[in-house]
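I am opening my notebook to write down, entry by entry, what I looked up in this structure.

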Amino acid sequence: MVIQPVIIIGAGPAGIATAVEVLNRGYKSEDIIILEKSGEIAHMIAAKYPDEKPVLANYKERMAECIGDLCITDMTKPEFIEYMKQVITEKKIKVQFHQSVEKLVKLNSGQWRVDTAEDSWITNVVFVAIGNMSSARTLGVSVDDSIANHIHDDIQTIKSDQKDVLVVGGGDSAGEYAQILVSRGHKVWMSYRKDKFSRMIPQNLEKTTSLINEGKIKYLPNSVVSRIKENNSRCEVKFNSCEPIEVDAVVTALGSDRPKSYLKKIGISVEKEDGDDFLENEQGGIFLVGDLASGKSGGSINFAFNSGTKAVSKACSLYLDCDA
């Protein structure tokens, strides 16, 4: 079994920034492995972000002044992916793709055994940077099996011939999805459980409201989806308080949850201490970074970078033999 000084789970922004900081503290690239279950870095951004959506330095105006090597300004999605690839190449960071962690075992030595389906490693410290985007909230209503593939949690897979689209949600993602779909030529409805949008940043609120006023988005306030049935290969969407509509696709933009079930399954608790923007698991030697450290309010890309830098600093004081 291979002994590896540092293992990072997740090759997103926080995981990559963590690796960079470990290198800055005197470790070599062969001392660090990033385990990534997908086949690419920054997978959730690459797969879930619409191509038209910018990657913002400060999410929801939550400012994060960069404290480590990695830092971005607002970028296009391709620019951000290229930036991450450049960091991986220049720093010679090793990423093992298609490696999904199945178990973490605390050893009597105080070290951890990290198991995937293919391999096992022994390590001093584990940084968990898997993000929240893979745990999108669902509608929680009955959907006919025949149209289950018409329900999406992003708009990357919406086809041009799916002309009529319902977006469910009232936050920034819902507004951005609706705006982009309109720009692509779709007829768009928005369903929100309240009468007014209350969770959008001002820019998104202004753009979304303008499109509603222009009749380019059909707004359904105070509506809650209660059932989605198949009707001639389309989605017949029923609500609790308004007439049904028929659309070609439904997009849920209801936010995401911390992937507690997965973390619990592999042996990690995920409670966050108030006022802390990174967290060492109480078992010792495991650090949650990125989305897992940001709490309910969410974090920006630069926040994710910073959380990796701070977590490494803490790990160096306790578990790692780092340069000053």
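Which residues line the largest cavity? I found that Ala-17, Val-20, Glu-21, Asn-24, Gly-68, Asp-69, Leu-70, Phe-305 and Thr-309 line it.

**Entry on the model.** I noted that this is a predicted model, in which local features need pLDDT of at least 70 and side-chain atom pairs count only at pLDDT 80 or more, while totals for chains, interfaces and linings use all residues. Residues are numbered from 1 along each chain as its sequence is written, and side-chain values use heavy atoms, with hydrogens and water left out.

**Entry on the cavity.** I wrote down the rule before the result: on a 1 Å grid over the protein atoms alone, a cavity is a set of points where a 1.4 Å probe fits but cannot get out, and lining residues have an atom within 4 Å of a point. Grid points are joined across faces, edges and corners, and a volume is the space filled by probe spheres set on the points. By this rule I count one cavity of 30 Å³ or more, and the volume of the largest cavity is about 40 Å³. Helix 1 and helix 8 are the elements that give two or more residues to its lining, and helix 1 gives the most, with four residues. Helices (H or I, at least four residues) and strands (E, at least two) are DSSP runs, numbered from the N terminus.

**Entry on the cores.** Here I needed two terms: buried means under 20% relative accessible area, exposed over 50%, and partly exposed in between, with a 1.4 Å probe and protein chains only; a nonpolar core is a set of buried Ala, Val, Leu, Ile, Met, Phe, Trp, Tyr and Cys residues joined through side-chain atoms within 4.5 Å. The largest nonpolar core has 44 residues, and those with the most contacts inside it are Leu-70, Ile-72, Phe-80, Ile-93, Phe-127 and Phe-305. Among the elements that give two or more residues to this core are helix 1 (13-24), helix 3 (77-91) and helix 8 (301-318). Apart from it lies another core, of 22 residues, including Ala-178, Val-188, Leu-211 and Ile-217.

**Entry on Ile-301.** Is Ile-301 buried or exposed? Ile-301 lies in helix 8 and counts as buried because its relative accessible area is 11%. Contact means heavy atoms within 4.5 Å, and, leaving aside neighbours within four places in sequence, I found Ile-301 in contact with Pro-13, Ile-45, Val-55, Leu-56, Ala-57, Ile-72 and Phe-80. Although Ile-301 and Pro-13 are 288 residues apart in sequence, they are 6.7 Å apart in space, C-alpha to C-alpha.

**Entry on helix 4.** Helix 4 (residues 172-183) has twelve residues and reaches 17 Å from its first C-alpha to its last, close to the 16 Å expected at 1.5 Å a residue; the expected span is 1.5 Å times one less than the number of residues. Ten of its twelve residues are buried, and what covers them includes helix 2 (43-48), strand 11 (164-168) and helix 5 (202-213). Just after helix 4, Gly-185 takes a positive phi of about 100°.

**Entry on the strands.** Two strands pair if DSSP finds at least two bridges between them. Five strands form an open sheet in the order 10-17-11-12-13, with parallel pairing. Strand 10 (151-152) and strand 13 stand at the edges, each with a single partner strand, so one side of each is left without a neighbour in the sheet. Strand 11 and strand 12 run parallel and are joined by five bridges, with Val-168 opposite Ser-191 in strand 12. Elsewhere, strand 14 and strand 15 (residues 234-239) pair in the antiparallel sense over six bridges. In their hairpin, which has two residues between the strands, Asn-232 takes a positive phi near 55°. Ser-233 lies in the loop between strand 14 and strand 15, and its phi is near 70°, a positive value in a residue other than glycine.

Notes:
On a 1 Å grid over the protein atoms alone, a cavity is a set of points where a 1.4 Å probe fits but cannot get out, and a pocket is an open set with protein on both sides within 12 Å along at least five of seven lines; lining residues have an atom within 4 Å of a point.
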